[in-house]
Amino acid sequence: MYQVMLFLSLGLLGLAAPALGAPTVLLDFETDADLDVWHYERAAPGTPVNELSRVDRYATSGNSALRFASPAWKQGMSEWPSFECKPPITDWSAFDRLVYDVTNPTAGEQLLFLFISDTKIATRDGYQERTVLPPFASVRVVIPLAKLSERKINLADIGVLHFFTERPPSDMELFIDQMVLLRAGEPLPPVSPAYLKQVAPLQAPRVEALRRRLQATRDRVRGVTEGVPEAAAWADTALQKLEGEVDSFANMVARADAGMLAAQSGLEDLGKQLDSIETRAKLRGDFGRVRPAVQVGRRPHPDLVVGFATAMEKVLPRAMTTPLNVSRRMEVALARGEKESFQVIVLPCERDVRQVRVRATTLRAADGTRFPARNVESAVVGYVETKTSPPYGSSHIGWWPDPILNFQQTADIATGDAQAFWVRVRAPKNQKPGLYRGKLEVLVDGARTFSFDLAIRVYRFRLPDSTPLPLAVTFWPMYYEPNGQGGWNEGELRDSSWRKHRWQWADFLADYYLTYDSLYGFKSWEPDFEILARLHKQGRLGRFNLGYYGVCGETPEEIERWRKSTVDVIRPRYEKARELGLLDHAYIYGCDENPPELFPGVQRAVEILKREFPDVFVLTTTYDNSFGQDSVIKAMDGFCPLTPSYDAAKAAVARQAGKEVWWYICCGPGHPFANMFIEFPAIEGRLLMGAMTAKYRPDGFLYYQISIWNSGPIERGPFTNWDPRCWPTYHGDGSWTCLGPDGTPLPTIRLENFRDGLEDYAYFRILEETVKKVEASPDLRARQANWLAQAREALQVPEEVVKSLTEYTYDPAAVARWRARLAEVIEAAGVAPAEL
């Protein structure tokens, strides 16, 4: 420890750095000096931090560590207990890693965040490290400094280390020690034997908890596999293997072996494996009971199981914990002109299978009417690999389901992989209403292996061809990636193969209620009036943008420059839209997320736009959360806050003043609000566009980009080479579509749920308009009084579906019940349902 302290002294004096191979100590907490550097944010250095102390426990090096303690969070307490310092070494340019150790000796999981920034970039715009600390765990955090460079942080001018936690769920006590900087090639520092002896007893409760969990899992597995001996034997073998791993860890703990620290992460994986084994065992047991009724063909596959999942679920292929529905029968109900999907999951438990495919037969109604097999499509679900935890956190790093590989109908499936097939049912607008019956078949190596009953109910009412909710969404392919020099490159996509398929892309987007459009004025972008005119003729055109506007200065010279760069660009587009009869679909968007100090410039810009283009809707995401009521922005037509800033009462006041109030999401918000990242439950996107929209009634939805593509086309699957990173370290944000073979379109599970939500909202709107139709007729109003009461009740979104923007269901069955109830009431109206 004397040598490490000497290195620190040399660093503080700016003398020669230590020899290669020895870590450079940043803070080791062996003296009060390393405690005194910390202070509260915006407090003077040396201001004591009540939550911190220097103690002689859980020091991974030397004798002392930094203790960070906070009671469990309650309403009224600080949500983010924090502390910060200027590091004693500020020039990190010669190093490639920051390392520190954190110990959580408590029985509750805790979070620890660290912001790192330089003296020029605001703390919260710097690099953020998020560490999840399981109960009784020791975690070594290793931060590659290249990550800081990617955020354009100057490594030669590090200005702040800002630690914080968030609403501790239980009394928190964390110990931080051995904060060191390492050069390229330098090994990680060892931990002391004394520390190992202190931390080993912490592992005993974890070992015992795992043993109890193993036994409980074994007991439950016996129940779910009863009567299915092959499933019971498979599960028993898998559990015995995990039991051996627990025994191995227990032996390391008994010896206070350093290996137990590395093995801790494996303990967390063991818990996930237990969940997965139980899920698979139940699936195998349940399927064993229905197998005799669905198995066909001469080549049985005794270890192959099949289950069903809704479109609102994501089934991890190699860490499956999603309970599946095992049944002889699958039922789908949908309106005419609607698409509704479900998933078939095929899992080989003991041997690989090849050329697996799912297909439907032609279905028939009782009167012989056909529902053609071509209207039931099946495609392989593709998987993308995440390699780091994103800023919003994730319970799983690895393979996630996302792209739907419309070009691929068959897949080879390895032992233990849960492969999903996306089954998309489409009811043509002229399909006769009724109940249709047929078969859903699973083929292996070209041979029919399983055959399930498939029932499709087609409702009497029709969904609209265009979106039931105004949308402003960008589709203009671009990339956003590290440039290797401490910054980011972004721009229009270098792979232009998609352009030759622009008509196909336009039709594809319209199938998801989206218009070929952009919020922003990219270099080569302008409205494609050929596409827009065709969509208009088809009745599928939504809103489209005439151009982007920024704030307008106040001097005559600034105003003239603004007019040339904005009005002169929009003018010919405006005239073309008017010539084609499209102006009622046009909008002008700008002043993206502008802060209050720019509000006067926003107002000047909109005043000019409204004088020049009075019949065009002008929209902004400027941060005016009064929606023009308490600000200088009076000329604006539409305000669009983030969902957490959407205030229904203020929105109502703004609407009385003739304004529209939309909402949007982007790289925020995170949970508990709904969003559409790859790691977030798929149901959130459906709820946001459906039940939440029905409950809170925003006038529209905005999303900044659905085509950030940081990799080449997906040409094969199911495990793809698609890079899920987008802006800049998020997964799937700004990227709801994928580039398929030769630049053709591919949807994602998230895009499917986006459309499904809008279709749910269409059900709501159709019922709403049908109520108005009945109420408008005195005769109908009298005859249908009971129906009107039921309809008005159905138009109240149930709290079991959405209670608030932060309290909503994760149960697909609850959404299905709400949707079915809307359909039931529409069908019982006694009049032709309204058409949107």
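Q: How many aromatic pairs does the structure hold?
A: This is a predicted model, and the structure holds 47 aromatic pairs. One of them is formed by F287 and F450, whose rings are edge-to-face, with 5.2 Å from centre to centre and 85 degrees between the planes. F287 belongs to helix α6 (residues 259–294) and F450 to strand β22 (residues 447–462), and the pair links distant parts of the chain, 163 residues apart. F287 is buried, with a relative accessible area of 0%, and F450 is also buried, with a relative accessible area of 0%.

Q: Why is the pair of F475 and W709 edge-to-face?
A: Edge-to-face is the term for planes over 60 degrees apart. The planes of F475 and W709 stand at 65 degrees, with the ring centres 6.2 Å apart, so this pair is edge-to-face. F475 lies in the loop between β23 (471–473) and β24 (478–482), while W709 lies in the loop between β32 (701–703) and β33 (737–739), so the pair ties together parts that are 234 residues apart in sequence.

Q: Which charged end sits over the ring of Y512?
A: The charged end of R755 sits over the ring of Y512, at 4.0 Å from its centre. Elsewhere, R167 lies over the face of W73, 4.2 Å from the ring centre.

Q: What should I look for around E30, which is buried yet has no salt bridge?
A: A salt bridge requires a nitrogen-to-oxygen distance within 4 Å, whereas R54, the nearest side chain of opposite charge to E30, is 5.7 Å away. One can then turn to backbone atoms: a polar atom of the E30 side chain lies 3.1 Å from the backbone nitrogen of N63, and the side chain of E30 also reaches the backbone nitrogen of S64 at 2.9 Å. E30 itself is placed in the loop between β1 (24–27) and α2 (33–36).

Q: How many residues of strand β5 are buried, and which way do they point?
A: In β5 (residues 97–104), eight of the eight residues are buried. R97, V99, D101 and T103 point one way, whereas L98, Y100, V102 and N104 point the other way. β5 runs antiparallel to strand β8 (residues 137–144), joined by eight bridges, and R97 has P144 as its bridge partner in β8. β5 also pairs with strand β10 (residues 172–182) in the antiparallel sense over six bridges, where the partner of L98 is L181.

Key:
Residues are numbered from 1 along each chain as its sequence is written. This is a predicted model: local features need pLDDT of at least 70, side-chain atom pairs count only at pLDDT 80 or more; totals for chains, interfaces and linings use all residues. Side-chain values use heavy atoms; hydrogens and water are left out. Helices (H or I, at least four residues) and strands (E, at least two) are DSSP runs, numbered from the N terminus. Buried means under 20% relative accessible area, exposed over 50%, partly exposed in between (1.4 Å probe, protein chains only). Lys and Arg count as positive and Asp and Glu as negative; His and the chain ends are not counted. A polar contact is a pair of N or O atoms within 3.5 Å; within protein, one must be able to donate a hydrogen and the other to accept it, and residues adjacent in sequence count only if both atoms are side-chain atoms. Rings of Phe, Tyr and Trp (its six-membered ring) pair if their centres lie within 6.5 Å; planes under 30 degrees apart count as stacked, over 60 as edge-to-face and the rest as tilted. A charge sits over a ring if NZ of Lys or CZ of Arg is within 6 Å of the ring centre and within 35 degrees of the ring normal. Two strands pair if DSSP finds at least two bridges between them.
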